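Open the structure in your viewer and keep the selection tool at hand. The stops below say what to select next and what is there.

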Amino acid sequence: MNLHQGSEQMNQQKKSIILLIFLVIVWGINWPISKIALDYAPPLLFAGIRTVVGGIILILIALPKVKELRFKQLWPIYLISAVLSIVFYYGFQTIGLQYVPAGLFSSIVFLQPVLLGIFSWLWLGESMYGLKMAGLLLGFLGVASLSISGINGSISIWGIVLALASALSWALGTIYMKRNAVRVDMLWMTAMQITIGGIILLLSGSATEKWSDITWSGTFIVDTLFIAIFVIALGWLIYFKLINEGEAGKVGSFTFLIPLISIATSVVFLKEQITINLVIGLLLIVGSIVLVNVKIGRAAKQSVS
């Protein structure tokens, strides 16, 4: 490898790290912000509104590349991706939170990186080695440790099933996206799946909930716009960009940090308490990311030598 190639690779790695940090932060603070917004609107209507707005923003960004849309040829891919990554993920999540504590639900949902690592190995041909698998499992244990204090009262089997379904749909949606990345434009793929998924959620909410139950306060509008712009539009675009350019399993491992950010911001904004589980979870999550990505350092040394 020459110096120019090495410099380009380092710059690309820096950009990826910056994007990952942004993604983890905005997806982490999304949980307490969404919890606040749900005081002003029914869940499905809220999910539909924020998702449709995010999709419209992405469509406006993608318009200069309208020739790449090819909707007549690619609509089945857009639809399947929308159902897996948006409708099922947000739908199962919204309904399931009614049956089990949020802490338990989120810990099960973030089984997704473990599933993603396994599916990437099975279907994308990504490497799987002992340290990587141990790291993925360690990360899940870290999330469970962070969320264990949220487990109280009776536990509904349906809530657990819906949480697992949410994690599974997210992992399958990511794999489906990566497998079809060469056939579609990444920007249009993200814009279409979010818009289509948002419309389906909005129609479902309109059929089962009342628009009159929405309180259009300043807090609700600001929260919804923040989530639509940064969490949904930019967040999903960055997530799929990173998945497309790097190993899905390694990118997925960093999502273990999201519950940590969520709990930290909840302590600040929702006055939740810091517990020993937070400290233990932090250590386990840091260990997870180190184990999953340790092979990158070895590969870099080999390529330089």
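Begin with the whole chain, coloured by pLDDT, the predictor's confidence in each residue, from 0 to 100. The average pLDDT of the protein is 81, and 84% of the residues score at least 70. Now select residues 296-305: pLDDT is below 50 there, and beyond near neighbours in sequence this stretch has three contacts in the model. A contact means heavy atoms within 4.5 Å.

Some ground rules apply. This is a predicted model, in which local features need pLDDT of at least 70 and side-chain atom pairs count only at pLDDT 80 or more, while totals for chains, interfaces and linings use all residues. Residues are numbered from 1 along each chain as its sequence is written, and side-chain values use heavy atoms, with hydrogens and water left out.

Next, switch to a cartoon view. The protein has twelve helices and zero strands; these are DSSP runs numbered from the N terminus, helices being H or I with at least four residues and strands E with at least two.

Select Pro32, in helix H1 (residues 3-37). Is Pro32 buried or exposed? Its relative accessibility is 3%, so Pro32 counts as buried. Leaving aside neighbours within four places in sequence, Pro32 is in contact with Ser262, Thr265, Ser266 and Leu270.

Move on to helix H8 (residues 186-208) and helix H9 (residues 218-245), whose axes are 10 Å apart and at an angle of about 135 degrees. Axes are lines fitted to C-alpha atoms, for helices over the stretch in contact, and angles run from 0 to 180 degrees between N-to-C directions. H8 and H9 are therefore oblique to each other (under 35 degrees is roughly parallel, over 145 roughly antiparallel, 65 to 115 roughly perpendicular, the rest oblique). Show the side chains of Met186, Leu187, Thr190, Gln193 and Ile194 in H8, which meet Ile232, Trp236, Leu237, Phe240 and Asn244 in H9.

For the last stop, select helix H5 (residues 112-123) and helix H7 (residues 157-179). Their axes come within 9 Å and cross at roughly 35 degrees. Among the residues that meet here are Leu115 and Phe119 in H5 and Ala171 and Ile175 in H7.

Definitions and conventions. Buried means under 20% relative accessible area, exposed over 50%, partly exposed in between (1.4 Å probe, protein chains only).
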